[in-house]
Structures are given as C-alpha cells and as structure tokens.
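Have a look at this one with me. We'll go through it by question and answer.

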Amino acid sequence: MNQGTNSNGSLLAGWISLISNIILTILKIVVGTLFNSPVLLADGYHNAGDVIASGAALTSMRISKRPADEDHPYGHGKAEVISSAIVGIILLLAAIYIAFESFSAFFHEPEKASVIAFITAIISLVWKQVLYVYTIRIGKRTNSKGLIATAYDHLADVYASLAAVLGIGLALVGEIYHIQLLTYGDPIAGIIVTILVFKLAYGMIIEAIDTLMEKSVSKERLDNFTSLILTIPEVKRIDRLRAREHGHYVLIDLRVGVAGELTIQEGHDIIRKIKKTIMENQSDVDEVLIHLNPWYEIDKA
C-alpha cells in the first residue's frame, strides 16, 4: 500500500471519529438530561472533550502529511505527537472530572435509573468498541501517532460506556429488588473508570514527551538497523547509529567505516546502497543521514 493510500485511510478514520463523537455527544447529553442520568450526562460531557481531541488529531494528521520545506527540513511529523499529547491531557482532565462526579454522587440520594439511558449506554459501548478496533488497526498500519491517540481515546470511552452500562444496570436491578447498595452502581463504576482512563492518559503523555525530547527508538529496532547495515559487504564497521521517531516516520543518523582507498564516487554509491537497503526493509524510515569514516586493514588489530 502506497503512502497516499495510507494518508487517505488515516484521514478518513479521523473524520469518522470526529463525526461519531459529535453524534454521541449530542445523544448522551440529550438522553442524560431528559431522563436525569448523571453518569450518562458525565459521559456526554466527556465525549464533548473527545470532539476537541478528534479535531486536534485530524488537524495534526493533515499537517504531518505536508512535505518538508525550508522552515521544516525534517518534515512536519511531530504535529501528530503534539496532538497525541493534547488528547492525553484531555483524557487526564476527563478522568479528574469523572472522579469528581463519582465521589460527589455518594453524598446525594441516587437518581432513578432509566431503561432509555441504559440502552443509550449500550449503543455507545458497541459504537466506541467498533471505532477503537477500526482506528487502532489503521493507526498502527500507517504509524499515525494522531490516529493511534484517537484510538486510545475511543478505548477510554469504551471504559466509560462500560461503567455507564454496569452502573445504570446495577441501579435498575437495585430499584427492582430494593437493594440500596446497588443504586450506587453509577459512582462505583465511575471510580473504576477513573483509574483506567488516568493510566491510559499518563502513558500517552509520557510517550509524546519522549518523542518530543528526541528519545531513541527501542534497542530491538536499533539491532534490526544494525543487522541490515552489516549485510552490505563494503561496510567494515558501524561507528555510531542513532534513530529517533519524528511523528509517523523515523530518522536515522549513521557513521560507518569503509575502506579508506575508495574514491568519492565509490563512497557515494555505498551511501546510496545503505539507504536503499534500510528504506526498502523498514517502510517507516523517511531519512538516513550517513557519514563515512576511513577504515584500513590495520584497524582490524
């Protein structure tokens, strides 16, 4: 699959996520208000934050696909990393909000549960699960940080919707069988969701910070690059190998030793061979900067 198709696929997934979040936000807030369901209303306000997150992710994906220019010689890939951080912060705020609403509910008489609110929560749960599976597959295939962040945002909504389903469901059972404890199912489920969403947000923010701070790719990836480079017979040694993520692609800095007697043309051909070998085997590598060092037979000692 070529880069243009990947780009179109990730943007389509971004638009589907944005439109879905708008629809679900309206649905949850309207039903939550009409049927006086605090957990569904809280989930609806959470979804309103998702609209902002989806919009940020979609905008960043469009920016990240722009080619390198004079002001941004390494491209615009980190735009997606910035949006990933924004989504993480929004999820963190959502976790705080859900926690506040959940703890506050214990100090008030529980609201009467609604079957309509219960059905709405189930619709949201199924819808968000489908969106999560769809966006995470495309996000990982295209290595789109913005879309992967959107997928994790959907996963947080799956947790929240599951809590709403369990909370409203337990409350309905509690009302039918007159079990007072179960009528507080909403806030209990909300506290559990708070922990899950907070953990998800924390991981996203840390990953975004690592990328913005130029953290190296994993040792496994560096080992893969090393193996590829050493398949080229003209390369006598690797003096330095560094690689970092730049959004949805990877940049590599490399210093290798080659025979000191080679001509400039021969050295140039080796550089092209190294680049071609790496980029043909690692589709997410966008640039390989190579410096040649002279190597002589005496260096074996």
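Predicted model: local features only at pLDDT ≥ 70, side-chain atom pairs only at ≥ 80, totals over all residues.

Q: How far apart are the closest N and O atoms of K128 and D157?
A: A salt bridge here is a side-chain nitrogen of Lys or Arg within 4 Å of a carboxyl oxygen of Asp or Glu, and K128 forms one with D157. K128 sits in helix α4 and D157 in helix α5, so the pair ties together parts 29 residues apart in sequence. Helices (H or I, at least four residues) and strands (E, at least two) are DSSP runs, numbered from the N terminus. The closest N and O atoms are apart by 2.8 Å.

Q: How are α4 and α5 oriented to each other?
A: Axes are lines fitted to C-alpha atoms, for helices over the stretch in contact, and angles run from 0 to 180 degrees between N-to-C directions. The axes of α4 (residues 115–142) and α5 (residues 145–177) come within 8 Å and cross at roughly 160°. Angles under 35 degrees count as roughly parallel, over 145 as roughly antiparallel, 65 to 115 as roughly perpendicular and the rest as oblique. That makes α4 and α5 roughly antiparallel.

Q: Which residues does L147 contact, leaving aside neighbours within four places in sequence?
A: L147 is part of helix α5, and its relative accessible area is 0%, so it counts as buried. Contact means heavy atoms within 4.5 Å. With those neighbours set aside, the partners of L147 are S10, A13, G14, M61, E80, T135, I138 and G139.

Q: How far apart in space are L147 and G169?
A: In sequence, L147 and G169 are 22 residues apart. From C-alpha to C-alpha, the spacing of L147 and G169 is 32 Å.

Q: What is the handedness of the α7 and α8 crossing?
A: Helix α7 (residues 219–229) packs against α8 at an angle of about 135°, with the axes 9 Å apart, so the two are oblique to each other. A crossing is left-handed if the near helix is turned anticlockwise from the far one by less than a right angle, and right-handed if clockwise. For α7 and α8, the crossing is right-handed.

Q: Where does D284, the salt-bridge partner of R221, lie?
A: The side chains of R221 and D284 meet in a salt bridge at 2.7 Å, N to O. R221 is buried at 19% relative accessible area, and D284 is buried at 18%. The pair links parts of the chain 63 residues apart: R221 is in helix α7, while D284 is in the loop between α8 and β3 (285–295).

Terms used: Residues numbered from 1 in each chain as written. Heavy atoms only, no water. Buried < 20%, exposed > 50% of the residue type's maximum accessible area, 1.4 Å probe, protein only.
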